[in-house]
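Before any detail is discussed, please look over the sequence and the model shown here.

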Amino acid sequence: MWLKLKGKQMHGYDFHRQKPIDNYILDFFCYELMLGIEIDGYSHQFLEVYNKDEVKEKRMNELGIAVLRFSDDEVLNDIENVLRAIEFYIFEYEKHTPNPSQEGS
């Protein structure tokens, strides 16, 4: 996923791998977008692991970080759709965020 995500231009936004935030590790994180991306592995078949990640996602939301979650199967079998979902988030972010270079116009 990392090579495909990094290889995808993602509109100039830089995503960091395995980023620690508030005692949690996000699979991918973009400071500028305040966006975390989580890849739910097969360990999510266990309720305890799933519940811990729910707590992590809730904490990220409290910090103002949006989290997109995908399963291993989605990443492995349909990476293009995963990347489109991330691009859609970026498009929505840009649509609702003023461009500083245009504010003074």
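Leaving aside neighbours within four places in sequence, K56 is in contact (heavy atoms within 4.5 Å) with Y24, I25, L26 and E38. The model is a predicted one, in which local features need pLDDT of at least 70 and side-chain atom pairs count only at pLDDT 80 or more, while totals for chains, interfaces and linings use all residues. Residues are numbered from 1 along each chain as its sequence is written, and side-chain values use heavy atoms, with hydrogens and water left out.

Q: In what order do the elements of the protein run from the N terminus on?
A: Helices (H or I, at least four residues) and strands (E, at least two) are taken as DSSP runs and numbered from the N terminus. On that basis the protein has 5 helices and 4 strands. Their order from the N terminus on is α-β-β-β-α-β-α-α-α.

Q: Which element of the protein has the highest mean pLDDT?
A: The pLDDT is the predictor's confidence in each residue, from 0 to 100, and the protein averages 82, with 80% of the residues scoring at least 70. Among the elements, helix α5 (residues 100–103) has the lowest mean, at 52. The highest mean, 92, belongs to β4.

Q: Is K56 buried or exposed?
A: The residue K56 is found in helix α2. Buried means under 20% relative accessible area, exposed over 50%, and partly exposed in between (1.4 Å probe, protein chains only). Because its relative accessibility is 9%, K56 counts as buried.

Q: How far does helix α2 reach from its first C-alpha to its last?
A: Helix α2 covers residues 47–62 and has 16 residues. The expected span of a helix is 1.5 Å times one less than its number of residues, and for α2 this expectation is 22 Å. The model comes close to that, with a reach of 23 Å.

Q: Why do the buried residues of α2 line one face of the helix?
A: The buried residues of α2 are D53, K56 and M60. An α-helix has 3.6 residues a turn, so residues three or four places apart point the same way. On the other side of α2, L47, E48 and K58 are exposed. Seen down the axis of α2, the buried residues line one face because they fall within an arc (taken from the directions from the helix axis to the C-beta atoms) of 55 degrees.

Q: Which strands do the buried residues of α2 pack against?
A: Residues D53, K56 and M60 are the buried ones of α2, and the contacts of K56 include Y24 and E38. Taken together, the buried residues of the helix pack against β1 (16–21), β2 (24–30), β3 (35–40) and β4 (66–71).

Q: How far apart are the closest N and O atoms of D22 and R59?
A: A salt bridge is a side-chain nitrogen of Lys or Arg within 4 Å of a carboxyl oxygen of Asp or Glu, and the structure holds 9 of them. One of these joins D22, in the loop between β1 and β2, to R59 in helix α2, so that the pair links distant parts of the chain, 37 residues apart. At 35% relative accessibility D22 counts as partly exposed, and R59 likewise counts as partly exposed at 27%. Their closest N and O atoms are 2.5 Å apart.

Q: Which residue meets E54 in a salt bridge?
A: The partner of E54 lies at an N to O distance of 2.7 Å. The pair links distant parts of the chain, with E54 in helix α2 and its partner in strand β4, 15 residues apart. The partner is R69.

Q: Which residues are linked with K58 in a network of salt bridges?
A: At 53% relative accessibility, K58 counts as exposed, and its salt bridge with E62 has its closest N and O atoms 3.2 Å apart. Being 4 residues apart in helix α2, E62 and K58 are separated by about one helical turn. The residues linked with K58 in the network are D22, R59 and E62.
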